Amino acid sequence: MVKAHRGEVLHGILLIVLFSCSAFYIAEFEFVKRLSFSPLIVGIILGMLYANSLRNKLPDTWVPGIKLCSKQILRAGIVLYGFRLTFQQVVAIGLPAITADCLIVAGTIGLGLLLGRLLGMDRDTTLMTSTGSAICGAAAVLGAEPVVRCEPHKTAVAVSTVVIFGTLSMFLYPVLYRADFLGLSDLQWAVYTGSTLHEVAHVVGAAGAMDAAGGHVADAATITKMIRVILLAPVLLIMSWALARCASRSGMATTGGRKITVPWFAFGFLGVIALNSVLQSLPFIPTDGLKAVTDGINSFDTFLLTMAMTALGAETSIDKFKQAGAKPFVLAALIYVWLLVGGYAIVRVLL
């Protein structure tokens with residue numbers, strides 16, 4: 001029985017691996033590259049296509065394998081994400097950019113919670129949507145999912161809002177840059193782009209277009225974005241504490257309710273950043289060799305995160321999207337306006 005159960009779990013995992021490999025293949029299509037859709041985004045789309053077509057034709061015994069991908073593999077992917085960052089990058093960009101990131105992340109989550117309450121939305125969808133917009137798009141949504149412990153379709157809805165408004169910004173910002181509409185310097189544009197766009201891929205795409213137009217934006221914009229990624233760890237810790245406190249106030253704690261969920265993977269994420277920072281600073285380690293290793297780890301990590309996204313998509317049907325309604329997208333649109341206007345004001349004041 002144990003062997004049969006393990007085999008069934010393996011079937012679910014292999015299904016997600018197959019979809020993830022397809023996501024990587026599709027992400028290399030030229031029109032997909034132009035949209036800057038990463039394999040993560042393609043993966044959740046494939047998962048949702050599966051959920052709304054073949055899902056009922058495959059054994060339910062495969063579901064535990066799919067859930068394993070959206071839980072344990074997700075946590076491993078978030079930890080390894082730290083190999084993309086170093087603390088040296090944080091120091092290099094300077095205090096104004098760090099301050100801008102902190103203000104925008106805190107302001108986005110705080111405003112998102114307020115707007116969600118005014119719109120009558122449930123707390124979980126509000127938190128997931130706000131976190132995705134505030135920090136690093138789909139990766140932040142994935143990171144928040146184990147802490148919020150929401151239903152998979154709410155995670156998928158939050159990711160959808162990131163895709164829509166992040167992609168819009170990726171095309172809008174270069175147009176504004178070329179028109180010199182906002183009157184920002186290249187450094188200001190770099191910090192504005194890195195601190196307000198949703199996905200890392202969106203920042204790279206928008207800043208790359210600005211560089212192609214004669215600017216010098218891409219490097220500083222990417223580092224600014226990575227500082228927001230680092231903020232994921234403290235945000236998850238604060239979020240866990242706040243959710244436990246809210247549950248305690250509502251009386252859930254006395255009825256076996258919520259305790260503080262310590263997101264250990266967030267500490268692992270910071271630990272990997274620290275390890276990468278040390279490795280990058282050691283003079284006796286060959287730079288080319290270290291880059292080859294970290295590139296390999298980052299590629300493997302992207303695959304793990306794609307598996308997690310695909311698994312979440314596989315648990316999301318159109319009916320669940322209908323259940324969520326239009327409010328999450330209204331919330332994301334209002335947050336998007338804040339990022340455009342509020343982010344601009346913060347950058348003008350600080351830089």
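Which residues of α13 are buried? Before selecting them, note that this is a predicted model, in which local features need pLDDT of at least 70 and side-chain atom pairs count only at pLDDT 80 or more, while totals for chains, interfaces and linings use all residues. Residues are numbered from 1 along each chain as its sequence is written, and side-chain values use heavy atoms, with hydrogens and water left out.

Select residues 232-249, helix α13, whose 18 residues reach 26 Å from first C-alpha to last, close to the 26 Å expected at 1.5 Å a residue (helices are DSSP runs of H or I, at least four residues, numbered from the N terminus; the expected span is 1.5 Å times one less than the number of residues). Its buried residues (under 20% relative accessible area, 1.4 Å probe, protein chains only) are Leu 232, Ala 233, Val 235, Leu 236, Met 239, Ser 240, Leu 243, Ala 244 and Ala 247. They cover an arc of only 160 degrees around the axis, taken from the directions from the axis to the C-beta atoms, which puts them on the same side of α13. On the other side, Ile 238 and Arg 249 are exposed (over 50%).

Next, show the helices against which the buried residues of α13 pack, including α6 (95-118) and α7 (123-134).

Finally, move to Leu 80 in helix α4 (residues 63-80), which touches Ile 297, Asn 298, Phe 300, Asp 301 and Leu 304, not counting residues up to four places away in sequence (contact means heavy atoms within 4.5 Å). Leu 80 and Phe 300 are 220 residues apart in sequence, and their C-alpha atoms lie 8.8 Å apart in space.

Note on methods
Helices (H or I, at least four residues) and strands (E, at least two) are DSSP runs, numbered from the N terminus.
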